[in-house]
Structures are given as structure tokens and as C-alpha cells.
Amino acid sequence: MSSLPRRAGLVVVGIAIGLSLAAPRADAAAPDIIVQQSSHQGASLELAQQLRERQQSLMALNQRADARDRALIGRKAVLATYGWTGDPDDVTAVLPLASYRVSAGFGLTGPLWEAEHGGQDFGASLGDTIVAVAAGTVTEVAYSGAYGLRTIVTLPDGTEVWYCHQADVSVYAGQLVDVAAPIGTVGSTGNSTGPHLHLEVRPAGSPVDPMDWLRAAGLTP
């Protein structure tokens, strides 16, 4: 019997074995592909998270801007009520009352006063709100003889502003008050012939005409 067929069979088997050893496995590259896909997915998730955070930050900024705009609009309306119609950020002084009639002026003399009238009277209704004409510190709240119930607010430059004849007050000594902040109400306490606010402005201890001082601050009393 010839050995050729047997050899041929062995050759075929060897080739088959060699092919099976040399052929790459179908899933040999799968781990790298999975790692790459996982890396891409992680980067995408990170970018999406960053985008969400930026959107949330932008939304918060817009909300704060809207709130500030509403506050400015509201403040502008309040300041306009007390005579200031310019930029709210530029306000230094306002009128003490939203509605009034000018009565006894600065420097008058007569039987109603012991000496020259040291301030400006603003006639108003009993209980009308009095506001701070400028920002400062409340340095006195007390009854003071002819001045009645008086509040003194001292401004940063040392100027004293006196609010006299009040019915009641809504501030206390030591309190910081902003321009246009309510400080009390119109009354007729002390030496008074009717409800009104007696306003005095004292830059260096001595009174000056409040009307001139208010005009110098850009107001039209």
C-alpha cells in the first residue's frame, strides 16, 4: 500500500492546523474598541454636564439682572415721588415729602419765633410720611422744646438735618438711613400752629436756607 495518500492526509491536517493557529480570533480587537467607545461616551457626558452648568449659570445671571432692573425701576419711581428724576445711582438728595405746600421760609422774624426762623416749613397733612432728604446716621430722636418731636440725621460730611414737629418717628439714634428712607410722620408738636414739617440744614452748626441746599442738590422744591 502506498504512503502517498497518508502523507497527503497529514499535509491537509497540518495545513488545517496551521490555518487555525494563524487565523486571528474574531473578537481579538473588541477590548480596544470597547475602551475607545467608553472613552468617547465619557467625554460626551462631561461636555453635556459642562453645558448644563453653563446654562444654569447664565440663567442665574439673567435672573439677578432682571431682579436688579425691577429694583431700579421701583427705586426710580420712589425717588421720583420725592423730586429726583435722574439716574437712581446718582441721587444725593430728595425732597422730604411727596406732597406739601411751602409756608414759612428761612430767615423770617415775627411773634411766632423767638429769633429768626432757622429753617423751611412744609405744610402737609397730619400723618404724612417724612423721608430722609439724604443718607446719614440718626444722631438724635427726642422732644426738644419749641421744635417738638425732632429727629436729627447727620450726613457723612457732618451736615445736620433737623426734622421737627413730628407726630411720631420710625428710626432710632445710631441707625443708618438711606436717602428717601421713611423717618417719621408730619405732626404739630412743640411750637406749631398746625401740621407741618420744619426742616433745618446745618452744614457747620449754623443753619442755612434749606431751599438753596435742596436746589444745589439738583432738586426743585
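I started with D212, which counts as partly exposed at 45% relative accessibility. I kept in mind that this is a predicted model.

**Helix 3 pair.** I looked for a charged partner and found R215, whose side chain meets that of D212 in a salt bridge (3.2 Å, N to O). R215 is partly exposed, with a relative accessible area of 45%. D212 and R215 are three residues apart in helix 3, so about one helical turn separates them.

**Other salt bridges.** I noted four salt bridges in the structure. R75 forms one with D178, with the closest N and O atoms 3.5 Å apart. R75 lies in helix 2 (residues 30-81) and D178 in the loop between strand 7 (176-177) and strand 8, so the pair ties together parts 103 residues apart in sequence. I also looked up E140 and R150, which meet at 2.7 Å, N to O. E140 is in strand 4 and R150 in strand 5, so this pair links parts ten residues apart in sequence. R150 counts as buried at 7% relative accessibility, while E140 is partly exposed at 25%.

**Strand 8.** I checked the pairing next. Strand 8 pairs with strand 3 in the antiparallel sense over three bridges. Here V131 stands opposite P182. Strand 6 and strand 8 also pair in the antiparallel sense, over three bridges. On that side, D168 has T185 as its bridge partner. Four of the five residues of strand 8 are buried, so the strand is largely enclosed by the rest of the structure.

**Core.** I then went to the largest nonpolar core, which has 33 residues. V94 and Y163 have the most contacts inside it. Beyond its sequence neighbours within four places, V94 touches residues including W84, V131 and L214.

Methods. Residues numbered from 1 in each chain as written. Predicted model: local features only at pLDDT ≥ 70, side-chain atom pairs only at ≥ 80, totals over all residues. Heavy atoms only, no water. Core = buried A, V, L, I, M, F, W, Y, C linked by side-chain atoms within 4.5 Å. Buried < 20%, exposed > 50% of the residue type's maximum accessible area, 1.4 Å probe, protein only. Contact = heavy atoms within 4.5 Å. Helix = DSSP H or I, 4+ residues; strand = E, 2+ residues; numbered from the N terminus. Pairing = 2+ DSSP bridges.
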